[in-house]
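Have the viewer open as you read.

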Amino acid sequence: MKIGVIGGGAWGTALAQVAAHRGEHVTLWAREPEVVEGINGAHENRLFLAGVPLSPSIRATADFADLATSDALLVVAPAQHVRGVLAQIDVGTRPLVLCAKGIEAGTRSLVGEVARQVHPQAPVAVLSGPTFAHEVAAGLPTAVTLAVADEALGSALSERLAAPHFRPYASRDVVGAEIGGAVKNVLAIACGVVEGAGLGQNARAALIARGFAEMTRFGLARGARAETLAGLSGLGDLVLTCSSTSSRNFSLGLGLGQGRAAAELLADRRTVAEGAFTAPVLREAAAEADVDMPVTAAVCRLLEGAPVREVIDALLARPLRQEV
Ligand SMILES: NC(=O)C1=CN([C@@H]2O[C@H](COP(=O)(O)OP(=O)(O)OC[C@H]3O[C@@H](n4cnc5c(N)ncnc54)[C@H](O)[C@@H]3O)[C@@H](O)[C@H]2O)C=CC1
Ligand SMILES: O=C(CO)COP(=O)(O)O
């Protein structure tokens with residue numbers, strides 16, 4: 001199978017590396033000419049995954065037409081850009097494996113919904129889980145959820161994407177896999193705030209547990225399965241990104257917790273902290289579904305510039321309630 005990868009950021013590059021190590025023909029579309037040149041020439045993506053020697057068999061391109069012969073397309077552009085990028089590609093009936101984690105602003109669509117709107121003929125799969133790109137690219141053991149409605153296609157894609165250190169677990173819950181990945185980014189910002197504001201490890205553990213309760217309420221309201229939310233793409237990824245400065249979302253929260261302004265933290269950054277874009281859309285979607293998401297609302301207020309102390313005090317002053 002020939003694999004096409006759309007997006008030359010850290011994650012697209014790491015996934016291209018996994019496929020290349022399996023011996024697949026990999027064509028990677030990247031937006032930045034210097035990424036294309038670096039991968040084809042020096043076999044390195046210095047902009048987004050510096051220091052990782054890439055397989056010489058990965059072929060990078062800036063031309064969507066070069067993806068025409070790929071049998072399956074991994075979509076690894078940031079969530080807010082998936083629609084724009086997909087609109088430029090003739091996909092036909094080829095499977096789209098969606099790897100971005102977020103909800104589209106304006107439409108409130110999950111990435112899978114965006115893909116179906118742009119390419120209704122293409123079957124959609126979601127690949128999501130606890131996967132720092134630099135660890136995957138370095139060949140460290142990693143497991144992901146691979147969610148596809150069609151079981152036969154799910155098995156075929158799992159076979160093709162698996163590697164000795166990269167283990168997909170098949171699921172049919174596409175919405176559940178997507179919601180876990182999108183919501184955990186917002187919660188990772190909150191955990192970074194706890195760290196930055198020096199609120200302690202009890203608070204962080206509480207936030208992970210209450211954040212997971214929030215993710216579950218929203219997921220169930222949108223048709224996700226509880227088991228998926230408790231799996232790799234939900235709780236697994238939540239734990240990873242809520243406990244490491246390797247997470248861009250956690251790092252953004254760390255800065256906010258230290259009292260720095262969101263605009264300053266987001267300005268000029270080349271890498272994407274998806275939670276900053278997802279948080280306001282998630283707040284809207286939660287209101288629409290009549291789901292209480294206090295942590296998400298607090299993250300939104302911090303991104304809008306509210307003082308950290310004020311937001312934390314308001315969160316702690318909420319009326320006491322039943323845990324379940
Ligand atoms: N980095 C990681 O460890 C992981 C990232 N992801 C997800 O993968 C998606 C991509 O993230 P990364 O590869 O980490 O990105 P990155 O932060 O390494 O790089 C930014 C990416 O955004 C692209 N971009 C910027 N403006 C754009 C535009 N106008 N149109 C199209 N593309 C544009 C850049 O070309 C680049 O590919 C995100 O949804 C992220 O949540 C998922 C799992 C792991
Ligand atoms: O999704 C990720 C790991 O699973 C990457 O997290 P960040 O985008 O917060 O770096």
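The shell around ligand 2 takes at least three residues from each of domain 1 (2-172) and domain 2 (175-316), with bounds that come from an automatic or database domain assignment. A quick note before going on: this is a predicted model, where local features need pLDDT of at least 70, side-chain atom pairs count only at pLDDT 80 or more, and totals for chains, interfaces and linings use all residues. Residues are numbered from 1 along each chain as its sequence is written, while chains are lettered from A and ligands numbered from 1 in the order in which they are written.

So who sits around ligand 2? There are 13 residues, the closest being Thr-131, Asp-237, Ser-247, Arg-248 and Asn-249 (a residue is near if its C-beta atom, placed from the backbone, lies within 6 Å). Helices H7 (174-196), H10 (232-241) and H11 (248-257) each give two or more of them, and H10 gives the most, with three; helices here are DSSP runs (H or I, at least four residues), numbered from the N terminus.

Now look at H11, where you'll find Arg-248 and Asn-249. Arg-248 is buried because 21 other C-beta atoms lie within 10 Å (the cut-off for buried is 20 or more). Asn-249 is buried as well, with 27 C-beta neighbours inside 10 Å. Leaving aside residues up to four places away in sequence, Arg-248 touches Thr-271, Val-272 and Ala-273 (contact puts C-beta atoms, placed from the backbone, within 7 Å).

How values were computed
A residue is buried if 20 or more other C-beta atoms lie within 10 Å of its own, exposed if 12 or fewer, and partly exposed in between; C-beta atoms are placed from the backbone. Two residues are in contact if their C-beta atoms, placed from the backbone, lie within 7 Å.
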